[in-house]
Structure formats: structure tokens, C-alpha cells
Amino acid sequence: MDGTVSAMAARLAKKLALLAVGLLAAGLLLEGACRALYAFAVAPQLAAQRNDPAHYYEASDDPVLAYRLKPDCRIEKDDRVVRINRHGLRDDRDDLAAPSSVALLGDSVPFGIALSQDETPAAALQRLAGNETRVLNFSVPGYGLVELRDQAEQMFALCRPDRVYYVLNLNDFSVRNTVYEGADNGLYRMYVRPALKTPFFLRKAIYRLMKGGRMSSVRWYRWLYDGNRSDLLPVVGEMADLARARGSEFVVVLFPPRVAYENGRFALQDVFGEIGDFLRANRIPVLAPVAEFGQDVRALQDDTDHLTAAGSEVLAQVVWQDFAKE
């Protein structure tokens, strides 16, 4: 009996060993195929974008950020002007000092990714503020909450704005090197290549599946938020604490994406409510201009949920009304 059991155990061990070798070989073959696909399809495309004369980014010494806006850069293309000042901010001016100042912080939405210099939220807000209040735009396309926390530290190393308005886009709940890598996987991957290509392609496939073949979707926004809220909502609190420690007020503006306006209702209201409850519990003021954008969201945002020039004016009005009421 003992001999029979030993023989069975030996056969099972041999089968498991063969299975392990087979899986390892299959994994290596798959990784090789993914490396070839990356080398011939993905890498050249990213390199071409990075080397485009209209590319206004560069590598950052900060490993958390990976890339940043290129200082002293001016791009004019297709009737769109992008000017990055010497501090690496989207701004026509280099000086930062003023009797009072307001800072915008966020991703491609407050940056004004599809807009010319005078159409951005910061430009619209500056027109409302006049000469006495300086508007500074510390937004960078593709940054999620982890990167924006680092960006906030760099902001306070440069200046101390009276108030910081963080325009929270729900895709800020993206996390690099995970299935939620998110909005900046193109920009980020221009500067940081994935070590293993198989997980990269698998994550990208899942990410695109959650988008549903569209530029954005309510399901995708919920997926990003639900997957990372426990880790990333406290980061907003850390940003607020950092601002308070520097003598600045910190206000969150919840950005309502166009895709969430469905059949006369805002489909992400429950998510906004949960975020608002968290912020108020942590003494962080919050603005949620759902009604303001709902009046004519198709004129105020494009089909990628980014602002039009008219949308910049609406966002600027929301911020200015809050700032001016004090």
C-alpha cells in the first residue's frame, strides 16, 4: 500500500512539474510575442508623439511625476497656442507675485487640453479677476491623484496662493502600473516603458473593455472610483492639509463629465455625494457645478468630456463667485 501511494505521489509530482514547465514556457512565449508587438506597434507610435515638434512635455527628475510641462515652451499649431512659462506652468507670464493669487490644480480639464491659451479656464478666470488677483495654472494633463499630491508640493515650493482650487476629475482616480493606469498611459509610457509587456497589454485590454469602446462612459468612471477610493480619497485630505500648513485655503471643484448627463439627470450624482460627504467631514469646501454644466453640456464640453471655450467660462465663473464672496 505504501509503495502504491508513493508511486501515485511521484506521478502527481511529475505531472505538476511538467505543468509548471509548460506554463512557464507558455508565459515566456506570450511575453516574447507581447514584446514584439510593443516594439513594432506601440514604441514607435509613442516615440513619434514624444518627438513631435508640438510636444510640450519633458522627462521629470521626480520619479513620481515621470514627466512635466516643458519650461519656456511655445507651440502654435492648428490655430491653438500653448505657452509654458519658465516655471513649467501654462501661462504667458513668468512672474508669480501679486496682491492676491488663485491657483488651479488638476489634470487636462483645468489645463485646457484642446484649447488655445486665451480659451483656458485660467485665462477666463484671469479676465474675471482683473489685475489685482493673479491666476496660476498648476494643472498637468494625465496626472492622477498620486501625481497631483506631488505637484501640489512643487506648487508650494514656488508660491503660496491665497486659495487653491483643485478641479477633481473622476479619472484622477487612475493609478499607474495597475489595471487602472488610466488617462495618462500614453504620456506616462512615453517616458517610462513597462518592464513586462504581457501585464501591460492585459491591463490595457481590461481598461478599454471598461470604457466600452468609447472615449468615456459612466461605467468607466465608476470603475476607476470604486477601485481606488479607499486609497485615493485620503490623498485629497493630504493635499488640503498641505495647503493649510502653507497658509492657503483649499477648495475642491467636482467636475461633472458630459457623458454622465443622461435623460435629464446626472448619472454620477451618488458618487459626487459620497465624495462631498468625505470632503465636508474633513473640513474641505467643495463645489459641484452639476446644474451649471447641465444647462447646455454639449456646448460646454466636447465628446471627450473636456471643456470647450464656453465651458472654460462657466468653470471660471463658478470659481470666481466662490473666491469673490469672501
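Which helix is mostly covered, and how many of its residues are buried? In this predicted model, where residues are numbered from 1 along each chain as its sequence is written, local features need pLDDT of at least 70, side-chain atom pairs count only at pLDDT 80 or more, and totals for chains, interfaces and linings use all residues. Side-chain values use heavy atoms, with hydrogens and water left out.

Helix α3 (residues 121-129) is mostly covered, with seven of its nine residues buried. Buried means under 20% relative accessible area, exposed means over 50%, and partly exposed lies in between (1.4 Å probe, protein chains only). Helices (H or I, at least four residues) and strands (E, at least two) are DSSP runs, numbered from the N terminus. The buried residues of α3 are Pro121, Ala122, Ala123, Ala124, Leu125, Gln126 and Ala129. They pack against β5 (100-106), α2 (108-111), β6 (133-137) and α11 (309-324), contact being defined as heavy atoms within 4.5 Å. Glycine 130, which follows α3, has a positive phi, near 75 degrees.

The chain as a whole has eleven helices and eleven strands. Its C-alpha trace spans about 90 × 45 × 40 Å along the principal axes. Of the 326 residues, 50% count as buried. Among contacts between residues at least 6 apart in sequence, 69% join residues at least 24 apart.

In soluble globular proteins, nonpolar side chains tend to be buried together. A nonpolar core is a set of buried Ala, Val, Leu, Ile, Met, Phe, Trp, Tyr and Cys residues joined through side-chain atoms within 4.5 Å. The largest such core has 74 residues, of which Phe173 and Phe250 touch the most other members. Helix α7 (residues 218-245) supplies the largest share of this core, 14 residues. A second, separate core of 24 residues includes Val109, Ala124, Phe293 and Phe323. Beyond its neighbours within four places in sequence, phenylalanine 173 is in contact with residues including Leu145, Leu168, Leu224 and Ile275.

Aspartate 150 is found in helix α4 (residues 145-158). This aspartate is buried yet has no salt bridge, a salt bridge being a side-chain nitrogen of Lys or Arg within 4 Å of a carboxyl oxygen of Asp or Glu. The nearest side chain of opposite charge, arginine 149, is 5.9 Å away; Lys and Arg count as positive and Asp and Glu as negative, while His and the chain ends are not counted. Leaving aside neighbours within four places in sequence, aspartate 150 is in contact with Asp62, Val64 and Leu65.

Isoleucine 206, in helix α6 (residues 197-211), is partly exposed at 40% relative accessibility. Its C-alpha atom is separated by 7.0 Å from that of valine 179, 27 residues apart along the chain. Apart from neighbours within four places in sequence, isoleucine 206 is in contact with Val179 and Trp223.

Most residues other than glycine have a negative phi. Aspartate 72, in the loop between β2 (67-69) and β3 (73-77), has a positive phi near 55 degrees. This residue counts as exposed, with 58% relative accessibility. Aspartate 78 lies in the loop between β3 and β4 (80-84) and has a positive phi of about 55 degrees. Aspartate 78 is exposed, with a relative accessible area of 69%.
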